[in-house]
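Try each one before you read its solution.

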Amino acid sequence: MQVTLLLTAWSITMSWWPAAAWREMAAEMREAASLTNNCDMTRYGFLSTRYKDQRFAGNGANGCVVLAHDSLARNVEVAIKIAKQTGRLKMWKDECARARSIHEKACKIGGEAKALVERYIPTCLEVGGTNEAPYIVMHAASGQGINLRRPEVLGDRSAAVFAQIVGALAAMHGVGLSHNDLHDNNIVILDRMVEEQESPLVAFIDFGEVVPLNKGVYKGGYKMDENLLARVACKLARCPDSAVYPQNVENINVTERDARVHALFKCLKEEWSEEKDHSNISPDEQFFNSFREVIVEAWENQNWPPIEVQETKVLDLYHTEFIQANQPALHQLFPSASAGVCVPPRMTHEPPVEVIVATTPQRVTPETTRGESKQVKGQVETSASSTPQSTTTSVENQESTVVRGSMTPTEVARGVKQDITVVDGTTMPTADDMVRDEKADASARFPKIIKSLGNRQMVCGTLLPLMLLGPVVNGVAL
């Protein structure tokens, strides 16, 4: 009898123990899900090594945005987007590649094309993580869509804002690319100001649908790039209904098209006259002729889709005296070099420009990576393949290399043979330090996982003897 009571008590105790473990595991899983839904940055602890001064900026249905400064690119402000849902890594890699392609093409062309892109088009610095916890880092373009900032862009600032929108579209079309998603939220009025009394600054965002011009959308509506200009001009100048261009697709004939153009131009001539102080100069015949060509070209492309488009009339409109007189100075708000896309020429009075050519390190291995760099006994040896032509970001390969753009391959190989790399006076961690940091990050990120694994092991360890001893207990009781 005593043996029976003892085994029965042991059985009851053991049945409670795994139940408690299951409850604890379920609570931890709920907590982990809550952290993910609330933009938990502990999953991205490794990003804090490079991106300093992180601060929450906002969140949406699919992700959250954290602003920071890139310590490896002269503290340029960046926006780190993290996902609330899994499965976005591939999509973000594609978006990053499309955004970088704009700056890459501008770098090859140089001159005005590069100046326009670096002023109006933020680009992607890196994308990485895992499919469960992806992230993408872009130049920060903090602000709001143009419709939400209407009081700031109307009146005496309206012509300057319009000139910037023309410049931003010229930046895209000037390198042979079409945006294809220029609704109001993707035309951002930036929070930042560069000079006192300067008009609100404009930038384009969201480059997930960027394609070459000959593959662009030519079916009308806001998806068609050139339709943007007449639609925005009407809103900025507060024109009457007869001059309104809708955001959605419409079909109008030649008579209706010309009547609307006439109404729009009459409104712009009055509202943007020098007499009203809404423009630096009054719109002239050159401006109206070029603007008309843009509107007609868009209408024709919608009605008779082109077989191949290499350029548009937008650049001609950008070069008119009216646009040039109203466009603020082309400040370099989104420098290509900070994203490792291209390296500007070094001036004699300027320090060398550091170019980041890969993503934030998440693992450090001693093996050679694609012949670009290798680490031997705490030292970094740059191979002959690290030429200026190879300074492009590899998204697929989680590599991290700092190259001084002004150095020749020989100077680079000689200059980086050291245990540490110094960027802008900041001492960077050695390979051993990064390994230790990675281990520390891993320990900080996965304690719950390890604990949960222990709970599962405990559950299995207690269920097995219960299964084996159950028949014995029943037999003794009988």
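Contact here means heavy atoms within 4.5 Å. The model is predicted, with local features needing pLDDT of at least 70, side-chain atom pairs counting only at pLDDT 80 or more, and totals for chains, interfaces and linings using all residues. Residues are numbered from 1 along each chain as its sequence is written, and side-chain values use heavy atoms, leaving out hydrogens and water.

**Exercise 1.** Describe the surroundings of His139.

Step 1: His139 counts as buried because its relative accessibility is 3% (buried is under 20%, exposed over 50%, partly exposed in between, with a 1.4 Å probe and protein chains only).

Step 2: Leaving aside residues up to four places away in sequence, His139 touches, among others, Val76, Pro122, Phe334 and Ser338.

**Exercise 2.** Work out how the strands are arranged.

Step 1: Five strands make an open antiparallel sheet, ordered 1-2-3-5-4 (two strands pair if DSSP finds at least two bridges between them).

Step 2: Strand 1 (51-59) and strand 4 (124-129) are the edges, each pairing on one side only.

Step 3: Five bridges link strand 4 and strand 5 in the antiparallel sense, and Cys124 has Met138 of strand 5 as its bridge partner.

Key: Helix = DSSP H or I, 4+ residues; strand = E, 2+ residues; numbered from the N terminus.
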